[in-house]
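Me: I would like to learn how to read some features of a protein model. Please give the general idea each time, then the case at hand.

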Amino acid sequence: MVTQKKRRWFQAVAAVAFNAHIPSFLKGGIYQGPSKGLCVPVLNCYSCPSALGACPIGSLQNALGSVRLNLSLARYQFGLYVLGFLGVVGSLTGRLSCGWLCPFGLLQELVHKIPSPKFGVPKFLKYFKYVFLVVLTILLPLLILDAFGGGDPWFCKLVCPAGTLEAGIPLAVLNPSIRGQLGALFAWKMAVLGGFLVWMVFVMRPFCRTTCPLGAILGLFNKVSLFRMTVDEETCTLCGKCQQECPVGISVYETPNSPDCIRCLKCEKVCPFGSIGHEFLCGRPRDAAGQAPNEVRP
Amino acid sequence: MKRRLPLVLLAVALLLAGLGLASGEFRSVLEKARTVCLECIGIG
């Protein structure tokens, strides 16, 4: 039986595990060990002082921003390592890591617990994450080069509130030389972070639903990943309970593998008929009680 | 095998990652991730 309490533990342990090098925090620098070359399957800024791995979105922007410079130096690097990593994660589990491992997802869920009126997200805003992915994460790093021939990580620079929270604020507090260089861009990034923090109070996971380029990439794999959600058409009564409880407002009974699904598995638990389950690879689908439904909606 | 597409995608992704590793991209990612990203923290 998958419980949301169990998921919360996974999220908490993952947040600590991805940022476990505490000595770097105390020194006011960032961890520089060899594990920094490994991408993590979540949005976790590699400039967080204690981060053990590399953010795939930051790494992707850096790789794309270096393509033209590398070609001019006869180095044939096109970001295939990062793209391949994202493909591996996506084809295995889709957005499962968003729901179970992402520290910024955990933060959004905790802030959303603050008592207040709760709202959904207008449908058109869901498409903005693809705009952030294509424009800020892919095109601008490729097309706008600085004096040294490299592209900037534009999503990190202009938007990423996870970077501001995990790296900008700690380094500004801990490192006087960095603190002395902060200016208008830091103020802008703090405003973006503040806006998202307020938004999180009223809307569940607004960043994941409207902005996150990593979620946009992994979500494209949801329909074809080895891990996928299933609905038993024979027992589903279309009662809509799953959609009511879904943190990202998906009609689970219609599109169980929607690109927006973060695979938190809450729908499995709340379905009164046990019609919703999940499967991995080619195994028989399982519902929340561990039983196998008869029919599977693709 | 009932569902081949995800396995094909997985194989392609592993191939891409392998090609990236062979061309030295692990070291490039490592170098970038070892350096404080000024843009990420709001300097630039």
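Me: Which residues form one aromatic cluster here?

Reply: Rings of Phe, Tyr and Trp (its six-membered ring) pair if their centres lie within 6.5 Å. Planes under 30 degrees apart count as stacked, over 60 as edge-to-face and the rest as tilted. In this structure one aromatic cluster is formed by A:Phe104, A:Phe132, A:Phe155, A:Phe196, A:Trp199 and A:Phe207. This is a predicted model: local features need pLDDT of at least 70, side-chain atom pairs count only at pLDDT 80 or more, totals for chains, interfaces and linings use all residues, and side-chain values use heavy atoms, with hydrogens and water left out. Residues are numbered from 1 along each chain as its sequence is written, while chains are lettered from A and ligands numbered from 1 in the order in which they are written.

Me: How many aromatic pairs does a search of the whole structure find?

Reply: Nine, over all chains. Take A:Phe132 and A:Phe155: their ring centres are 6.2 Å apart and the planes stand at 70°, so this pair is edge-to-face. A:Phe132 belongs to helix α8 (residues 128-143) of chain A and A:Phe155 to helix α9 (residues 154-158) of chain A, so the pair ties together parts that are 23 residues apart in sequence. Helices (H or I, at least four residues) and strands (E, at least two) are DSSP runs, numbered from the N terminus.

Me: Are A:Phe132 and A:Phe155 buried or exposed?

Reply: Buried means under 20% relative accessible area, exposed over 50%, and partly exposed in between (1.4 Å probe, protein chains only). A:Phe132 has 21% and is partly exposed, whereas A:Phe155 has 0% and is buried.

A second pair is A:Phe196 with A:Phe207, whose ring centres are 5.3 Å apart with planes at 80°, so it is also edge-to-face. A:Phe196 sits in helix α12 (residues 184-202) of chain A and A:Phe207 in helix α13 (residues 206-210) of chain A, eleven residues apart. A:Phe196 is buried at 8% relative accessibility, and A:Phe207 is buried at 1%.

Me: Which residues form a nonpolar patch on the surface?

Reply: Patches are made of residues with over 30% relative accessible area and no salt bridge; like charges are joined within 9 Å, nonpolar side chains (Val, Leu, Ile, Met, Phe, Trp, Tyr) within 5 Å. A salt bridge is a side-chain nitrogen of Lys or Arg within 4 Å of a carboxyl oxygen of Asp or Glu. Accessible areas come from the Shrake-Rupley method with a 1.4 Å probe; for residues, only the protein chains shown count as cover. Here the patch consists of A:Val131, A:Val134, A:Val135, A:Leu139, A:Leu143 and A:Ile144, with about 470 Å² of accessible area together. A:Val135 lies in helix α8 of chain A and is partly exposed at 34% relative accessibility.

Me: Which cysteines does a disulfide join?

Reply: A disulfide is a covalent bond between the sulfur atoms of two cysteines. The rule used is a pair of cysteine sulfur atoms within 2.5 Å. By this rule there is one disulfide over all chains: B:Cys37 is joined to B:Cys40, S to S 2.2 Å. The torsion about their S-S bond is about 80°, so the disulfide is right-handed. B:Cys37 is buried at 7% relative accessible area, and B:Cys40 is buried at 2%.
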